[in-house]
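I opened this entry to keep track of what I looked up. My notes go chain by chain, then to the contact and the core.

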Amino acid sequence: MKMKLATLALGAVMAAGPALADLVFPSMSYRTGPYAAGGIPFADGYADYFTLLNERDGGIGGEKIDMPECETAYNTEKGVECYEATKDLGSLVYQPLSTGITYQLIPKVTADGIPMLTSGLGRTSAKNGAVFPWLFNFPANYWDGASVAIKHILDEEGGDVNDKKITLVYHNSAYGKEPIRTLEELSKKHGFDLSLVPVDHPGQEQKSQWLQIRRDRPDYVIMYGWGVMNQVAIQEAVNIRFPMDKFIGIWWSGSENDVRPAGAAADGYKALTFHNLGDDYPLYDDLKTFVYDKGLAAGAGDQHGTALYNRGLYGAMLVAEAAKTAQEIHGVSAITPAMMRDGMEALEMTEEKMAALGLPAFGPEFQVTCENHGGNGFAAIGQWDAAASEWKMITDYIQSDQEIVQPLIEADSMAYAEENGITPSCD
Amino acid sequence: MPDQLIFAMEVFLNGLMAGVLYALVALGFVLIYKASGIFNYSQGVMALFAALTLVGIMEGRVPFAHLINATFGTEIHHFGWHLPALAAILLTMGVMVVLAWAVNKLIFNHLVNQEPIILFMATIGLAYFMEGFGDVMWGADIKKLDVGLPQGINTAIDEITYGWFGYGFFIDNLDIVATIIAALLVIALVMFSQYTKQGRAMRAVADDHQAALSVGISLNFIWIMVWSLAGFVALVAGIMWGTKMGVQFSLSLIALKALPVLMLGGFTSIPGAIVGGLIIGVGEKLFEFAIGPMIGGATENWFAYVLALIFLVFRPQGLFGEKIIERV
């Protein structure tokens with residue numbers, strides 16, 4: 001009896017695991033816990049794109065895709081467990097949707113030789129591929145986001161923000177503090193007054209912070225929040241009658257979840273984005289035919305076209321294109337993580353390529369190199385239209401101030417290299 | 001009057017209002033602890049579950065829709081109705097009574113005479129179960145809750161204070177409503193426990209289980225009643241907090257705001273929960289206002305606990321808690 005059970009258990013594990021030739025793209029999702037509302041749409045978009053490639057194209061380069069999903073609940077320890085549980089499946093790349101998990105995995109993926117992509121999150125200075133060969137954060141990072149927000153404000157103010165008051169409301173964590181140095185440098189350059197207002201996790205109670213903002217009367221508020229902090233901040237801004245079009249969130253404060261609880265009053269709120277919004281793309285026709293109509297959509301199938309679903313699609317599209325590039329470079333379809341890294345480092349996203357994929361103008365164009373693992377720092381501004389209940393892009397992609405951002409990245413990455421005995425190299 | 005003093009007065013008033021919201025959560029803990037000696041870890045999740053159920057009933061959402069659709073290949077999500085808030089609140093209250101009955105029937109009836117730590121552990125399990133159950137039942141998306149409560153700045157107070165000080169105070173209409181509701185709730189609970197047969201039975205059980213049993217009071221009935229009352233308080237807290245931040249799973253974390261209130265006010269006193277809430281609310285807001293900027297801000301979460309611990313040094317049972325003397 002015990003033997004039979006053991007055989008059955010082994011069979012179940014083998015059936016659940018990927019075939020050795022599959023291209024394995026693990027999904028570190030969070031469908032439970034306080035951040036589930038943000039984790040679910042991303043995980044659904046990520047899964048649906050790979051399902052589409054399997055159903056429509058037979059995978060990538062003839063290799064089927066396997067996507068083992070591991071629940072992290074946005075918990076750093078569970079994220080590390082997920083990594084340890086899936087890395088030996090032949091995992092080609094990780095995309096943890098969490099800065100906390102990213103920081104824990106940096107030494108692990110470097111030691112194990114598995115690439116990690118952290119678009120718009122994680123360690124910003126990972127852009128320097130000479131120091132962080134296994135990390136990628138294209139197409140934009142936190143510091144780009146801060147700079148693009150200021151550039152947008154400059155545009156709004158006719159190029160002069162001297163003596164304007166700008167307040168940063170931020171999640172009091174490593175993530176939330178990321179833009180502070182960039183904003184301080186930009187404040188020196190452009191002459192605006194910067195004030196900092198931290199909000200402790202999770203951020204359900206922000207009365208003190210918004211009373212302070214009401215007293216200070218800033219011209220603009222920039223927000224680096226996540227989860228419930230976003231919804232409460234937007235509601236409190238509405239309560240104190242802060243003008244929504246002067247309130248700009250980072251891309252993690254710019255989903256439908258963040259604005260809907262405040263209802264019509266959230267109309268006009270702005271948020272950065274490094275990919276396009278909505279579902280008016282040819283790719284969605286294919287998704288409907290090959291995924292949704294076949295009942296293969298991930299999750300409840302109710303997230304299509306939302307900002308975070310699109311981010312999941314975009315993340316999957318970027319690594320799928322990197323895998324294709326790796327297959328071309330090495331002339332094999334069954335690539336290894338090291339080959340995948342080469343593909344990511346040679347990835348070029350052009351408008352022609354995105355249009356051919358059914359996602360015209362979906363993201364900024366960029367070319368990855370060893371020195372630049374982070375793209376060219378382009379992001380756009382989206383604005384919430386409460387009546388239509390949708391986000392609309394109101395600007396083209398704007399490049400961050402490279403004069404400010406690049407030296408900061410250089411300094412931070414070199415400090416990391418020195419601390420960890422790394423000799424930067426692009427040989 | 002100096003600007004800082006005027007601002008401090010505004011912060012003080014907002015602290016009082018925030019304290020009322022903390023006290024609403026703490027009340028649920030007190031009710032159950034007082035009657036059964038159980039520290040109900042799942043009180044925050046009960047508020048979440050109540051708010052989820054309220055939104056679900058109001059909007060006519062089909063419970064377990066995702067599960068049903070995945071199993072049977074259907075595409076049903078809504079019943080097609082939109083109930084008035086009051087009807088939905090009453091129906092949700094019914095659900096909370098059923099939940100109270102189920103919790104006692106399935107869990108606590110099997111744990112009679114167990115150590116308090118065992119009962120506490122059971123409520124931890126209950127919290128995790130209910131969080132997952134609520135997720136499966138109603139989905140994890142953030143839901144807007146609108147039962148018609150006013151929100152935003154109270155313009156009358158703004159104008160009056162502007163006339164007095166040249167600076168209009170910000171007081172949220174929702175906080176004013178919450179204060180009125182909390183006051184009514186406390187009065188109702190005190191009157192219920194003082195002047196009704198069931199209330200007196202509840203107090204008898206709280207004083208001595210075995211003595212209450214010996215005079216014919218049904219422990220089972222009292223516990224179901226107390227859990228139902230706690231469910232009602234959770235529903236009120238869920239409505240207030242859910243209106244502020246949308247109904248989402250972070251709502252269960254409001255329990256963290258109630259703990260320092262309980263430490264300060266005592267686990268067994270309804271007035272203690274209110275006074276404790278007010279002290280914590282005012283204390284943390286004034287500290288953030290006066291000291292926060294000097295030390296980087298975001299002090300409220302930890303300062304609430306520091307304040308509670310300071311009180312505990314002088315009154316270990318809390319301000320209104322019962323002094324327990326165990327004779328050997």
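**Confidence.** pLDDT is the predictor's confidence in each residue, on a scale from 0 to 100. I needed that first, as this is a predicted model. For chain B I read a mean pLDDT of 91. In chain B, 98% of the residues reach 70 or more. Where pLDDT is low, the predicted coordinates should not be read in detail. For the model I noted ipTM 0.89 and pTM 0.91.

**Chain A, overall.** I looked up the secondary structure of chain A and found 15 helices and 16 strands. Along the principal axes, the C-alpha atoms of chain A fill a box of roughly 70 × 50 × 45 Å. I then checked burial: 56% of the 427 residues in chain A are buried. I also checked the contacts in chain A between residues at least 6 apart in sequence. Of these, 71% join residues at least 24 apart.

**Chain A, domains.** Where are the domains of chain A? The assignment puts domain 1 at 19-140 + 278-377 and domain 2 at 142-273. Domain 1 is therefore written as two segments, with domain 2 numbered between them. I recorded 28 Å between the C-alpha centres of domain 1 and domain 2 of chain A. Across their contact, 13 residues of domain 1 of chain A meet 17 residues of domain 2 of chain A. On the domain 1 side, α2 (36-57), α4 (99-112) and α12 (307-330) of chain A each supply at least two residues. By class, that side of domain 1 has 7 nonpolar residues, 6 polar residues and no charged residues.

**Chain B, overall.** Next I turned to chain B. I found 13 helices and 0 strands. Read along the sequence, the pattern of chain B is α-α-α-α-α-α-α-α-α-α-α-α-α. The radius of gyration of chain B is 21 Å, close to the 20 Å that the globule rule gives for 328 residues, so chain B is as compact as a globular protein of that length. The C-alpha trace of chain B spans about 65 × 60 × 40 Å along its principal axes. Of the 328 residues in chain B, 48% count as buried. I looked at the contacts in chain B with a separation of 6 or more: residues 24 or more positions apart account for 73% of them.

**Core.** Which residues touch the most other members of the largest nonpolar core? They are B:Leu24, B:Ala26, B:Ala47, B:Ala51, B:Val226 and B:Val233, in a core of 229 residues. This core also draws at least three residues from each of domain 1 and domain 2 of chain A. I followed up B:Val233. Leaving aside its neighbours within four places in sequence, B:Val233 is in contact with B:Leu24, B:Leu27, B:Gly28, B:Leu31 and B:Leu185.

Conventions
Residues are numbered from 1 along each chain as its sequence is written. Chains are lettered from A and ligands numbered from 1 in the order in which they are written. This is a predicted model: local features need pLDDT of at least 70, side-chain atom pairs count only at pLDDT 80 or more; totals for chains, interfaces and linings use all residues. Two residues are in contact if their C-beta atoms, placed from the backbone, lie within 7 Å. Helices (H or I, at least four residues) and strands (E, at least two) are DSSP runs, numbered from the N terminus. Ala, Val, Leu, Ile, Met, Phe, Trp, Tyr, Cys and Pro count as nonpolar, Asp, Glu, Lys and Arg as charged, and the others, Gly among them, as polar. A residue is buried if 20 or more other C-beta atoms lie within 10 Å of its own, exposed if 12 or fewer, and partly exposed in between; C-beta atoms are placed from the backbone. A nonpolar core is a set of buried Ala, Val, Leu, Ile, Met, Phe, Trp, Tyr and Cys residues joined through C-beta atoms within 7 Å. The radius of gyration is taken over C-alpha atoms; the globule rule is 2.2 Å times the number of residues to the power 0.38.
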